[in-house]
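Please keep the sequence and the 3D view open while reading.

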Amino acid sequence: MRRPIVAGNWKMHGTRADNARLIEELLGGHPDRAAAECLVFPPFVYLQEIGRLVRDTPIGLGAQSVCAEAQGAFTGEVSAGMLKDVGCSHVLVGHSERRWIYHEDDQLVARKFAAAQSKSLVPILCVGEHLWDRENGRTEEVVSRQLDAVIDLCGVAALESGIIAYEPMWAIGTGRTATPEQAQAVHAFIRERIGGRDAKIAKATRVLYGGSVKASNAAELFAQPDVDGGLIGGASLNAEEFLAILAACGSR
Ligand code: PGA
């Protein structure tokens with residue numbers, strides 16, 4: 001059974017006071033009663049403090065990125081071991097803002113995936129196409145390339161202890177969500193692609209959808225057979241919205 005996940009990517013938002021309020025409001029909404037796993041991804045500097053606030057609660061903690069190297073002279077970077085040390089269990093790798101704004105390529109993302117797993121962090125591998133890829137019929141080609149880079153470096157078995165998030169770049173922060181049918185088609189394709197290497201792992205791997213998910217559209221997206229929850233940006237900064245999205249995510 002694939003337990004669904006609702007993960008809140010806070011991106012570069014919040015203050016210590018905002019975060020404390022948000023966590024308090026989320027805990028007040030009884031995330032333990034949800035069928036889905038609930039995770040938050042605050043900025044690096046707040047991880048330790050949020051880690052304290054969510055310890056022994058149903059809210060899990062993740063980071064938004066990780067360095068591919070274990071330690072050394074890499075100014076500005078944060079290693080998987082450090083994330084583990086401050087209480088993270090998960091980490092995003094290859095978010096489209098990292099790929100696009102900070103030029104992270106498929107090979108670097110694959111090395112980050114491996115670095116996370118080497119410290120027993122669960123990597124959430126983000127994949128997704130630009131609008132111009134979709135318009136030129138290249139969605140599957142792009143997603144395959146992003147997926148295969150990780151499978152080639154880490155082996156298909158590595159996906160079993162990881163998570164995939166399909167986030168079409170044209171839907172992130174734009175208010176333009178993929179239709180449930182568009183999301184389902186790419187999710188099914190991802191599962192099929194993994195299934196080409198290992199059918200059992202394809203069936204077990206959780207594939208989240210991300211891109212302008214809101215309380216108002218979550219249920220129809222999560223009702224799709226291959227959508228195992230969501231990676232939520234903007235709407236994760238509002239407790240009421242985020243809790244409503246969590247509630248919309250039933251078990252499968
Ligand atoms: P959004 O962001 O929900 O604000 O579109 C999703 C993401 O980037 O993970």
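**The ligand and its surroundings**

In this predicted model, a polar backbone atom of Gly173 lies 2.7 Å from an oxygen atom of the ligand. The ligand taken alone exposes 280 Å², of which the protein buries 95%. The points below begin with the residues around the ligand and then turn to other parts of the chain.

*Contacts and setting of the ligand*

- The side chain of Lys11 places a polar atom 2.7 Å from an oxygen atom of the ligand.
- For His95, an N or O atom in the side chain is found 2.7 Å from an oxygen atom of the ligand.
- As for the site itself, the ligand sits in the second largest pocket.

- Although Glu167 and Glu129 are 38 residues apart in sequence, their C-alpha atoms are 7.7 Å apart in space.
- The backbone of Ser212 has a positive phi of about 55°, although Ser212 is not a glycine.
- Ser212 counts as buried because its relative accessibility is 15%.

- Ser120 is exposed, because its relative accessible area is 53% and the term applies over 50%.

*Buried charged residues and their polar contacts*

- Lys112 is part of helix H5, and its relative accessibility of 3% is why Lys112 counts as buried.
- The side chain of Lys112 makes a polar contact of 3.3 Å with the side chain of Ser65.
- The side chains of Lys112 and Glu104 are also joined by a polar contact, this one of 2.9 Å.
- Glu104 itself is found in the loop between H4 and H5, and Glu104 is buried because its relative accessible area is 6%.

*Glycines and an alanine elsewhere in the chain*

- Gly94 lies in the loop that links strand S4 (90-93) to helix H4 (96-101), and with 3% relative accessibility Gly94 counts as buried.
- Between Gly94 and Gln182, which are 88 residues apart along the chain, the C-alpha atoms are separated by 21 Å.
- Gly29 occupies the loop between helix H1 (16-28) and strand S2 (37-41), where its relative accessible area of 34% makes Gly29 partly exposed.
- Gly29 and Glu129 are 100 residues apart along the chain, and their C-alpha atoms are separated by 34 Å.
- Ala202 belongs to helix H9 (residues 199-204), and its relative accessible area of 5% is the reason why Ala202 is buried.
- The C-alpha atoms of Ala202 and Leu159 are 8.5 Å apart in space, while the two residues are 43 residues apart in sequence.

Key:
Residues are numbered from 1 along each chain as its sequence is written. This is a predicted model: local features need pLDDT of at least 70, side-chain atom pairs count only at pLDDT 80 or more; totals for chains, interfaces and linings use all residues. Side-chain values use heavy atoms; hydrogens and water are left out. A polar contact is a pair of N or O atoms within 3.5 Å; within protein, one must be able to donate a hydrogen and the other to accept it, and residues adjacent in sequence count only if both atoms are side-chain atoms. Accessible areas come from the Shrake-Rupley method with a 1.4 Å probe; for residues, only the protein chains shown count as cover. On a 1 Å grid over the protein atoms alone, a cavity is a set of points where a 1.4 Å probe fits but cannot get out, and a pocket is an open set with protein on both sides within 12 Å along at least five of seven lines; lining residues have an atom within 4 Å of a point. A molecule sits in a cavity or pocket if more than half of its atoms lie within 2 Å of its grid points. Helices (H or I, at least four residues) and strands (E, at least two) are DSSP runs, numbered from the N terminus. Buried means under 20% relative accessible area, exposed over 50%, partly exposed in between (1.4 Å probe, protein chains only).
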